[in-house]
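Good morning, colleagues. Please have the sequence and the structure in view while I go through a few local features.

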Amino acid sequence: MPLGPIIVNGVITGALFALLATALIVLYRATGVLNFAQAEQGTLMVFVAYALWRAGISPVPAVLLMAVASLAFGALLYLVVIRPRAQDAFGLSLRTLGLFILLSAVMEKIWGADAPYRFPNVFPGGEFGVLGQRVTYVQLAAVILTVLLTAAIAALLRFSSIGLTVRAVSSDRETAQWLGVNVATVDVISWALASLLGAVVALLFAMIGSLAPDLMDPFFLTAMAAAMLGGLTSLTGAAIGGLVLGLAQSTTSVYLNQPEWTSIIAFAILLVGVWLTRARLGRVIST
Amino acid sequence: VSSVRSRFARVAPAPPLALGGLGSLAAASALVAIAPLVFSGYQLYVLGISLGYATAALGVATALRALGALALTQAAMMAVGGYVLVELFASLGLPFPLALVAAPVACAFISGIFAALTTGMTDLAFAILGFAFTFVVTQVLSGHLLKGISGGELGRPVPPGSFFGYSTNGHLAVYYFVAAVALVFFALASMLLRSSLGRSVLQVGDDEVVATALGIPINRLKVASLALVGAYGGLGGALAALASGFVAPPTFGPDLIPTLMAIVLLGGTGYLLAGLVGAVVLQGVPGMINMSAVNRELLIGVVLLLVLVFARQGVLGEVDLALGRLRRRRP
């Protein structure tokens, strides 16, 4: 098989890996919490959009409502699960393990029996050729949305006043609090933003393939590996990691045709990432 | 590394592994022994599986209490333990006792290497790698690469074995065998934690700086302890496989990670019998009342969140506190 399709497919999946990694990073940088339920959260939001669509709302408004709902859901999870009797970031990450099993069970219970579902495509239906590979407009949208959203997040962190606050909190949570920064606001915003990013990734995966409760199962490890390549803090690291993993996946799926190789490679990259950043990982936040 | 005490704060400085004394262990053993008088064949079958989970959970609890380490690898260790048993015993025809011993030994080896590679890493890094490790092991087991060994999605049957003349054929026989092995290893853990070696390990978890000052070789001790923790995971997996009569990759999926955590935290980190209490409540009882897999996952998610937010002492912690209050009230 020629190189073109491998590169094209790799870039498309890689973009989505990178975007999910960005969601993990947005939350981790600001709060020190690694959300093990990030992928499940996104899938649940796509099911919300699906339910809205089945209830008679046309796809585009349903997806827009989903975006709003995912922001609200992220904030809600923070208020209900994370904020009460707060612990250190490590203990809070443990709580997301509870969310991980709870959310996947909720989806399995409500939608598990008839899965997978076909999710309506909100993008134009046609396709075009790139390097000898047919690319649909959904796939193109996946790449463009990833670039736009990552750039938006980076700009938000770099130039806006809320970005400055987030950076202050992530560099020293306690001092920021003493200086009058409202840490809770930063936490809510981070949870909401990460939730939105996760939902967008799940939405695109659902439109490219189909929708099922375990839609994101194979992708969480890859996203975590991509995020880890930048020490869970660097958006550039996540982009590079996502791309490398996307290319690794498209290569192995052509030459080895065994999906577990993607996981093995992701684990190897995760090891490298953890090893490179082991000194500062988990020490970002002291309380 | 911050101390475990601040993370899972106890109200009163309880002695290490209270309610894990040989007395309470004997009481628990008596309950396990008379269970066949109360429960039917299917309920015993479920209880036997829970004892396997309890054994693996004991490892998780000890790692958390003694080292502050979140052994998310334990789910993978259970899988490896189960498959080592079935592969050596059923496929290669090795004697059953040898295969049963090989399961924890293999897991101790893997877990030890994992611990050695992650020496000096933060708790979070260790937890992430553990989670990813379990993820990748499950993916590989349910994929095509190892289909010959894993039996694919459907798994493989585990035939009854013979342990020095004792055959594990039939509900009651396999239950008593699994219960005996599990309880012996609970007693071993209790004795080990009371030994000078165990006390050194507990000191490492409480305060690494003090431990270093006392001349405890922290890194070597951590690797050795985590190897032992892995061994308990492998043994637990082998026992669960033996008790359930089959071993399949989905049983050991990523869902098992929060399940083991919920078992340990519900029981109460720091208590030897935490795994036993948690496994009976979250694995045994739901199985006995024929709760569906999805409902059990819901239960585990809710319990895990509730315990983490509201009752970090777990059930045994609350019992311990209540007993303490009673004792103080007496003149």
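Helices here are DSSP runs of H or I with at least four residues, strands are runs of E with at least two, and both are numbered from the N terminus. The model is predicted: local features need pLDDT of at least 70, side-chain atom pairs count only at pLDDT 80 or more, and totals for chains, interfaces and linings use all residues. Residues are numbered from 1 along each chain as its sequence is written, chains are lettered from A and ligands numbered from 1 in the order in which they are written, and side-chain values use heavy atoms, with hydrogens and water left out.

I begin with E297(B), which belongs to helix α14 of chain B, residues 293-310. Buried means under 20% relative accessible area, exposed over 50%, and partly exposed in between, with a 1.4 Å probe and protein chains only. A salt bridge places a side-chain nitrogen of Lys or Arg within 4 Å of a carboxyl oxygen of Asp or Glu; Lys and Arg count as positive, Asp and Glu as negative, while His and the chain ends are not counted. E297(B) is buried but forms no salt bridge, and R296(B), the nearest side chain of opposite charge, is 6.3 Å away. Which residues does E297(B) touch, leaving aside neighbours within four places in sequence? With contact meaning heavy atoms within 4.5 Å, they are I101(A), S104(A), A105(A) and D255(B).

Next, helix α13 of chain B, residues 274-288. Its 15 residues reach 20 Å from first C-alpha to last, close to the 21 Å expected at 1.5 Å a residue, where the expected span is 1.5 Å times one less than the number of residues. At V280(B), α13(B) bends by about 35°, the angle between axes fitted to the seven residues ending there and the seven starting there. Because 11 of its 15 residues are buried, α13(B) is largely enclosed by the rest of the structure. The buried residues pack against α2, α3, α8, α12, α14 and α15 of chain B. After α13(B) comes N290(B), with a positive phi near 60°.

Finally, the hairpin in chain A. Strands β1 (127-130) and β2 (133-136) run antiparallel and are joined by 4 bridges; pairing requires at least two bridges found by DSSP. F128(A) stands opposite V135(A), and V130(A) has Q133(A) as its bridge partner. Between the strands lie 2 residues, and L131(A) takes a positive phi near 50°. In β2(A), Q133(A) and V135(A) form the covered face, R134(A) and T136(A) the uncovered one.
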